[in-house]
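Please find below a briefing on one protein chain. The sequence and the structure are shown ahead of the notes.

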Amino acid sequence: ALFAQGAVGAPSPLEGLLHVGRIVWDQMKSQEARDDTILTLETVLAAVRDPQELAADRRASWNAAIAMIEGFLRQGQAAGEIDSQLDARAFATALLACGLGTRLLALELGEELDTDAIFTVLTRMLPAFTPREDQGA
């Protein structure tokens with residue numbers, strides 16, 4: 001639902017992705033996000049310990065999240081905003097991993113972790129994935 005909401009009113013797929021990313025990043029600072037991260041970790045551990053019972057559902061959940069991000073990236077590729085040679089699924093997985101890793105570190109580092117700076121770094125990386133002709137190459 002968040003990804004669909006992010007696209008509404010966005011002037012482009014890339015802007016929609018950035019808008020959703022900003023919402024997700026801002027939510028990281030809440031107690032609810034902290035609790036959700038702890039629950040995610042506990043669920044991952046339970047799925048690893050009892051793969052017969054939980055692993056398939058966890059994989060489906062992760063794959064759905066990756067697919068949503070990948071959809072934004074593919075729309076950006078179709079619109080010419082993102083290099084069509086970029087592996088959208090791999091990049092979507094990397095973005096998800098960055099978010100999850102940041103949430104994990106935030107559990108232990110708390111206020112020491114500058115999540116805004118991390119988001120800024122990620123958004124500054126995006127121009128590297130714009131079509132080459134837009135970069136003057």
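The notes that follow move from the overall fold to helix packing, aromatic pairs and individual residues.

The model is a predicted one. The protein chain has 6 helices and 0 strands, and its elements run α-α-α-α-α-α from the N terminus on. Of its 137 residues, 32% count as buried. Among contacts with a separation of 6 or more, 64% are accounted for by residues 24 or more positions apart.

**Packing of H3 and H5**

- Helix H3 spans residues 31-49 and helix H5 spans residues 88-109; the two pack at an angle of about 110°, with their axes 10 Å apart.
- Because an angle of 65 to 115 degrees counts as roughly perpendicular, H3 is roughly perpendicular to H5.
- On the H3 side, the contact is made by Ala33, Arg34, Asp36, Thr37, Ile38, Thr40 and Leu41.
- On the H5 side, Arg103, Leu104 and Leu107 make the contact.
- Sorted by class, the contact of H3 with H5 has 5 nonpolar, 2 polar and 3 charged residues.

**Aromatic pairs**

- The structure holds 2 aromatic pairs.
- In the pair of Trp25 and Phe119, the ring centres are 5.7 Å apart and the planes stand at 45°, so this pair is tilted.
- Trp25 belongs to helix H2 (residues 13-27) and Phe119 to helix H6, so the pair ties together parts of the chain that are 94 residues apart in sequence.
- Both partners are buried: Trp25 has a relative accessibility of 5%, and Phe119 has one of 11%.
- In the pair of Phe91 and Phe129, the ring centres are 4.5 Å apart and the planes are at 45°, so this pair too is tilted.
- Distant parts of the chain are linked here, since Phe91 lies in helix H5 and Phe129 in the segment after H6, 38 residues apart.
- Phe91 counts as buried at 10% relative accessibility, whereas Phe129, with a relative accessible area of 23%, is partly exposed.

**A charge over a ring**

- The ring of Phe119 also has the charged end of Arg22 sitting over it, 4.4 Å from the ring centre.

- Glu70 is placed in helix H4, which covers residues 51-78.
- With a relative accessible area of 12%, Glu70 falls under the 20% cut-off and is therefore buried.
- Apart from its neighbours within four places in sequence, Glu70 is in contact with Ala88, Arg89 and Ala92.
- Gln75 is also placed in helix H4, and at 44% relative accessibility Gln75 counts as partly exposed.
- Between Gln75 and Leu14 there are 8.1 Å in space, C-alpha to C-alpha, and the two are 61 residues apart in sequence.
- Ser12 is found in the loop between helix H1 (2-7) and H2.
- Ser12 counts as buried, at 16% relative accessibility.
- The C-alpha atoms of Ser12 and Gly76 are 7.5 Å apart, while in sequence the two residues are 64 residues apart.

**Leu105 in helix H5**

- Leu105 lies in helix H5 and is partly exposed at 46% relative accessibility.
- Leaving aside neighbours within four places in sequence, the contacts of Leu105 are with Gly110 and Leu113.
- Leu105 and Thr115 are 10 residues apart in sequence, and their C-alpha atoms are 9.8 Å apart.

**The segment after helix H6**

- Pro127 lies in the segment after helix H6, which runs over 115-125.
- At 43% relative accessibility, Pro127 counts as partly exposed.
- Pro127 and Glu81 are 46 residues apart along the chain, and 9.1 Å separate their C-alpha atoms.
- Phe129, the partner of Phe91 in one of the aromatic pairs, is likewise in the segment after H6.

Notes. Residues are numbered from 1 along each chain as its sequence is written. This is a predicted model: local features need pLDDT of at least 70, side-chain atom pairs count only at pLDDT 80 or more; totals for chains, interfaces and linings use all residues. Side-chain values use heavy atoms; hydrogens and water are left out. Axes are lines fitted to C-alpha atoms, for helices over the stretch in contact, and angles run from 0 to 180 degrees between N-to-C directions. Helices (H or I, at least four residues) and strands (E, at least two) are DSSP runs, numbered from the N terminus. Angles under 35 degrees count as roughly parallel, over 145 as roughly antiparallel, 65 to 115 as roughly perpendicular and the rest as oblique. Contact means heavy atoms within 4.5 Å. Ala, Val, Leu, Ile, Met, Phe, Trp, Tyr, Cys and Pro count as nonpolar, Asp, Glu, Lys and Arg as charged, and the others, Gly among them, as polar. Buried means under 20% relative accessible area, exposed over 50%, partly exposed in between (1.4 Å probe, protein chains only). Rings of Phe, Tyr and Trp (its six-membered ring) pair if their centres lie within 6.5 Å; planes under 30 degrees apart count as stacked, over 60 as edge-to-face and the rest as tilted. A charge sits over a ring if NZ of Lys or CZ of Arg is within 6 Å of the ring centre and within 35 degrees of the ring normal.
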